[in-house]
Amino acid sequence: MSGNIELLNTTLAAAKAADRAALIAYLPAGFPTVDGGIEAVKAVVAGGADIVEVGLPHSDPVLDGPVIQTADDIALRGGVRIADVMRTVREAHEATGVPILVMTYWNPIDRYGVERFTAELAEAGGAGCILPDLPVQESALWREHAEKHGLATVFVVAPSSQDARLATITAAGSGFVYAASLMGVTGTRASVGAQAQELVGRTRATTDLPVCVGLGVSNAAQAAEVAGFADGVIVGSAFVKAMLDAPDEAAGLDAVRSLAGELAEGVRKR
């Protein structure tokens, strides 16, 4: 069975044709429970998210700030496994029809087996993977299997990436390029900053892939600002915080649905 890279491509193209950025939501699998995580994905899509990244919880998430680390810890203590991540992708995609990617560090895939992971992700209806710590020069095996199974390989670029390095990274990727808006870990910020716009411009000079910006966006105004220069706006910590701050799961689902609605309005006001 082939994965859903084409659905990802057409979703991003449709947003561009509508003269807006795509809203991409991140939520960890298994948080607050496996079932609750699936419902949370459904809620953000109901609110207006175009694409969802499902996080594979990791004990040492080097790119993630305290909010996502807390959620990962809850998921891991709940016993979440890769099988639960695949189930989350499958059930969320079947329920919503939107492209769903997995965001994961490399070590769990390496231990699980690249062929097994890509085959299972494609079978679950996944659209691809975001791999923040996999060096491009060490990615050939992954890319071979991802391409065979119809999965996107999304690499992360940062403001520190030199132009030649950007060209190397974007040439190897597919689906879209994840542009980290600043140096540091995930989390909400008071301002997304000018670094992000400069990085998007430099990245676009190397590729025709859509460039989507993450790290720091938490409200409609910031979403609108980033949507003015990026093809997609990625929001994670704000959704996770909304779930963490809620008194119960039902209130958490309402909170993320509402936040997705506000952000979806924001990306349309570019």
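Biologist: Which residue in β2 does A25 stand opposite?

Modeller: A25 stands opposite V52 in β2. This is a predicted model, in which local features need pLDDT of at least 70 and side-chain atom pairs count only at pLDDT 80 or more, while totals for chains, interfaces and linings use all residues. Residues are numbered from 1 along each chain as its sequence is written, and side-chain values use heavy atoms, with hydrogens and water left out.

Biologist: What makes a run of residues a strand or a helix?

Modeller: Both are DSSP runs, numbered from the N terminus: a helix is a run of H or I of at least four residues, and a strand is a run of E of at least two. Strand β1 covers residues 22-28, and strand β2 covers residues 51-55.

Biologist: How do you know that two strands pair?

Modeller: Two strands pair if DSSP finds at least two bridges between them. Five bridges join β1 to β2, so these strands pair, and they run parallel. Four bridges join β2 to β3 (residues 100-103), also parallel. Between these two, V52 stands opposite I100 and G55 stands opposite M103. Three bridges join β3 to β4 (residues 128-130), again in parallel, and the bridge partner of M103 in β4 is I130.

Biologist: In what order do the nine strands form the open sheet?

Modeller: The order is β5-β4-β3-β2-β1-β9-β8-β7-β6, with parallel pairing. At the edges stand β5 (152-154) and β6 (156-157), each with a single partner strand, so one side of each has no neighbour in the sheet.

Biologist: Why is β2 called largely enclosed?

Modeller: Five of its five residues are buried, so the rest of the structure largely encloses β2. Buried means under 20% relative accessible area, exposed means over 50%, and partly exposed lies in between, using a 1.4 Å probe and protein chains only. On one side of β2 are I51, E53 and G55, and on the other V52 and V54, all buried. Both faces of β3 are covered as well, by the burial of I100 and V102 on one side and L101 and M103 on the other.

Biologist: Why is M243 called buried?

Modeller: Its relative accessible area is 9%, which is under the 20% limit, so M243 counts as buried. M243 is found in helix α11 (residues 237-245).

Biologist: Is D19 buried or exposed?

Modeller: D19 has a relative accessible area of 58%, which is over 50%, so D19 is exposed. D19 lies in the loop between α1 (5-17) and β1. Its phi is near 60 degrees, a positive value in a residue other than glycine. Most residues other than glycine have a negative phi.

Biologist: What makes the pair of W106 and W142 edge-to-face?

Modeller: Rings of Phe, Tyr and Trp (its six-membered ring) pair if their centres lie within 6.5 Å, and planes under 30 degrees apart count as stacked, over 60 as edge-to-face and the rest as tilted. The ring centres of W106 and W142 are 6.1 Å apart and the planes are at 90 degrees, so the pair is edge-to-face. W106 lies in helix α5 (residues 106-112) and W142 in helix α7 (residues 140-148), so the pair ties together parts 36 residues apart in sequence.

Biologist: Why is the pair of F117 and W142 called tilted?

Modeller: The centres of F117 and W142 are 6.3 Å apart and the planes are at 55 degrees, so the pair is tilted. F117 lies in helix α6 (residues 114-123), and both F117 and W142 are buried. W106, Y112, F117 and W142 form one aromatic cluster.

Biologist: Why is α6 called roughly parallel to α7?

Modeller: Axes are lines fitted to C-alpha atoms, for helices over the stretch in contact, and angles run from 0 to 180 degrees between N-to-C directions. Angles under 35 degrees count as roughly parallel, over 145 as roughly antiparallel, 65 to 115 as roughly perpendicular and the rest as oblique. α6 and α7 pack at about 30 degrees, with axes 9 Å apart. That angle is under 35 degrees, so α6 is roughly parallel to α7.
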